[in-house]
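Here is a short briefing to read with the model open beside you.

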Amino acid sequence: MSRTRLPRAIAVTTTLVTMASANLLMVPESAHATFGTADIKPIESNIAAKPWASATAATGSSNARLAIDGDPATSWQPGSAGARQWLTVDLGGTYDNLRKVKVFFSDRGVAHRYVVEASSDGRRWKTIADRSHNRSVSRGEVHLFTRPGTRFARLTFTGGPGKARAGVSELQVLNYLRDDLTLGADLSWMDDVQDRQYWVDPLAADRGAGPHLLDVAKDRGIEYSRLRIFNEPRSESTGQPTPIPRQGPERSLVSAQRIKQRGMGLGIDFHYADSWADPSKQPKPRAWAELEFADLSKAVYGFTADYLKRLIRQGTTPEKVAVGNEIINGFMYGSEAADIGTTNPPYFVDQADIYQSQPGGGLLWKYWRSTDPVERQLYDQSWDRFTTLAAAGIKAVRDASPTSKVEIHVIVDKDKLDKTMEFWHQFLTRVKAKGQKPDVLAISYYPEWHGTPEALERNLNTMATTHPGYEIDIAETAYPASGGDGSPLPNSPYPRTIQGQADAIRRVFQAANDVVDNRGSGALVWEPAGYQPMFRAVPGLANTWEPHASINVFNASRAKHILQDTVYTSTMVGASPKLPSALRMLTTVNNKITNVPVRWQPLPPGSTDRPGEVTVTGTTAAGPVTAVIDVMPGHGEHDVTTS
């Protein structure tokens, strides 16, 4: 996590004090499953509208983009009327969990005849909807389908007797969360709160999942937990060993057992430091501070391999291992720190004769792009030292725990994507030359420091398309449910409320899932029990905590059923429209499409008395639906045609 602010321990303490003070003023409410409310819908993402998608057409290609611009008031219009006019959307990469295509036409009163096809390569096509014999007048339709590995969607008009010219206002291709996208959290804080009980519903006779934090986390859909590892936990200010070595190697072995006992995935995050490591501070461990560089590299290898072997021996093999934490500026700083200008942590500066006595792995970014030969040499040397240490860590993982994936975790500061891409270029080139490579390229995302959700998507897509041989992960994210009078954080559209917290985290899950070629591997919430917490202390119950409703984002973001959620139809002025009694529904567990009954609300009185558009809502067992009805002029005023 990027921190040019209060140390984590102080920040967490402040959070707890604020929450405790607020709880003193709260009256216990009646029993509820989770504190507060949040309306969390399954994630549905229109990939066709993403900046990396593009559109082409048989004719009228200059305005093809208007069919995927998200604005139904604009449209692609073919250069000529008649059959075999086609529009193709390139999604920029393949997707395995596309399930729905929505098409909305620009013309009313037309029985559109067309075929929708999907393809992985733009050459071999599979039909997913055939309306070549359609006689129903409507402005659009929703088509459900299952076809893993889809990159292209194509709509082709097949024509008809009227030979009417027709355009496409919107062609949407909708993506849903993949089953293999890991939704998890860094729950290292479980080591700090041994005396607390966590319950799904602590005020009810049946409290539900609990009493351990992990019980509630798993019940609410958190399927993976990362653990940070400090070499020898020390005070961030004094550098002295902490009375209780929290998040140290020994205590973390116990945390790892608790995670695996619950069938959850395990990640290990080596800080290679005795206290917090992040972009503003990367101190060496005290035991390694005075080692010559060659011995420092050996220490990295030995510590990493030995600890992973201990994990394996106790039956807790990690699925993923991060070599360093937020290492955009390198790690294990040494004598180069004077050139970097680092001032954190205090003990690293106060005891410079120890910690800065030998070279380390800090990067000299100040010489990036320098044309001075001496400065350029210093820049390259810092990269060589850093990647030598990183390669030692990667090799240790490969040797000791070959089934574990290796992650390299950095940040993309706001408007500084160029720096991160330089990092990946230098890092991946140099560790490859040293015989190593990671599996996962990861970033943290906190909007106040790293930009808007749209910037996050651009950053992930740039990484994925520039370096296609790697998985892409969001290793940390968080969003507060309180503070600032509820106003959104900088760069964020979401208020600091329980609903806003759920929406912000849901948006990050969506960004991870929408990475091209299914390369987004997961997203982890950082410390949902401590930092910007998703839990609250229960009033009147000592050491008892319950989850906010926002934590349901882990379960509720996944779609179990995908509906034909919109019906387009038409009727004449003064007539009642014929609405279907059932709609199509795709069940994700087996990819079967069935019919689900729908109950429509009555039309408002007089709604079809004049030409226009009427919207009616309906309900099904799988969720709400909408009917969009075009009210057409009477016979003789307007002729219905076929495209």
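## Salt bridges

Arg123 counts as exposed, since its relative accessibility is 65% and the cut-off for exposed is over 50%. This residue forms a salt bridge with Asp121, with the closest N and O atoms 3.5 Å apart. Please keep in mind that you are looking at a predicted model. Across the whole structure, a search finds 44 salt bridges, and a few of them are picked out below.

**Arg262 and Asp215**

- The side chains of Arg262 and Asp215 meet in a salt bridge, at 2.6 Å from N to O.
- Arg262 sits in the loop between α3 (249-261) and β14 (265-270), while Asp215 belongs to helix α2 (residues 213-219), so this pair ties together parts that are 47 residues apart in sequence.
- Is Arg262 buried or exposed? Arg262 counts as buried, because its relative accessibility is 18% and buried means under 20%.
- Asp215 counts as buried too, with a relative accessibility of 18%.

**Asp384 and Lys434**

- Another salt bridge joins Asp384 to Lys434, where the closest N and O atoms are 2.8 Å apart.
- This pair links distant parts of the chain: Asp384 is in helix α8 and Lys434 is in the loop between α9 and β19, 50 residues away.
- Asp384 is partly exposed, at a relative accessible area of 35%, and Lys434 is partly exposed as well, at 32%.
- Elsewhere, salt bridges with shared partners join Asp186, Arg226, Arg228, Asp269, Glu476 and Glu527 into one network.

- The buried residues of α9 are Leu417, Thr420, Met421, Glu422, Phe423, Trp424, Gln426, Phe427, Leu428, Arg430 and Val431.
- As background, an α-helix has 3.6 residues a turn, so residues three or four places apart point the same way.
- The elements covering the buried residues of α9 include α8 (373-400), β18 (405-411), β19 (440-445) and α11 (453-466).
- After α9 comes Gly435, which has a positive phi near 85 degrees.

## Nonpolar cores

- How many residues does the largest nonpolar core have? This core has 128 residues, and those with the most contacts inside it are Val168, Phe423 and Phe427.
- Helix α8 supplies the largest share of this core, 10 residues.
- Setting aside residues up to four places away in sequence, Phe427 touches Trp383, Phe386, Thr387, Ala390, Ile394, Ile408 and Pro438.
- There is also a second, separate core of 13 residues, with Val567, Val598, Ile629 and Val631 among them.
- In soluble globular proteins, nonpolar side chains tend to be buried together.

## Val216 in helix α2

- Val216 is located in helix α2, and counts as buried because its relative accessibility is 0%.
- Which residues does Val216 contact, leaving aside its neighbours within four places in sequence? The contacts of Val216 are Tyr198, Trp199, Val200, Ala209, Gly210, Phe535 and Pro547.
- For a sense of scale, Val216 and Gly79 are 137 residues apart in sequence and 59 Å apart in space, C-alpha to C-alpha.

## An open sheet

- Four strands form an open sheet in the order β1-β10-β4-β8, and their pairing is antiparallel.
- β1 (45-46) and β8 (140-144) are the edge strands, each pairing on one side only.
- β1 pairs with β10 (residues 168-175) in the antiparallel sense over 2 bridges, and Asn175 in β10 is the bridge partner of Ser45.

## Ser370 in its loop

- Ser370 lies in the loop between β17 (361-362) and α8.
- Ser370 is buried, with a relative accessible area of 16%.
- The side chain of Ser370 makes a polar contact with the side chain of Glu375, at 2.6 Å.
- Not counting residues up to four places away in sequence, Ser370 touches Glu375 and Arg376.

Notes. Residues are numbered from 1 along each chain as its sequence is written. This is a predicted model: local features need pLDDT of at least 70, side-chain atom pairs count only at pLDDT 80 or more; totals for chains, interfaces and linings use all residues. Side-chain values use heavy atoms; hydrogens and water are left out. Buried means under 20% relative accessible area, exposed over 50%, partly exposed in between (1.4 Å probe, protein chains only). Contact means heavy atoms within 4.5 Å. Two strands pair if DSSP finds at least two bridges between them. A polar contact is a pair of N or O atoms within 3.5 Å; within protein, one must be able to donate a hydrogen and the other to accept it, and residues adjacent in sequence count only if both atoms are side-chain atoms. A salt bridge is a side-chain nitrogen of Lys or Arg within 4 Å of a carboxyl oxygen of Asp or Glu. A nonpolar core is a set of buried Ala, Val, Leu, Ile, Met, Phe, Trp, Tyr and Cys residues joined through side-chain atoms within 4.5 Å.
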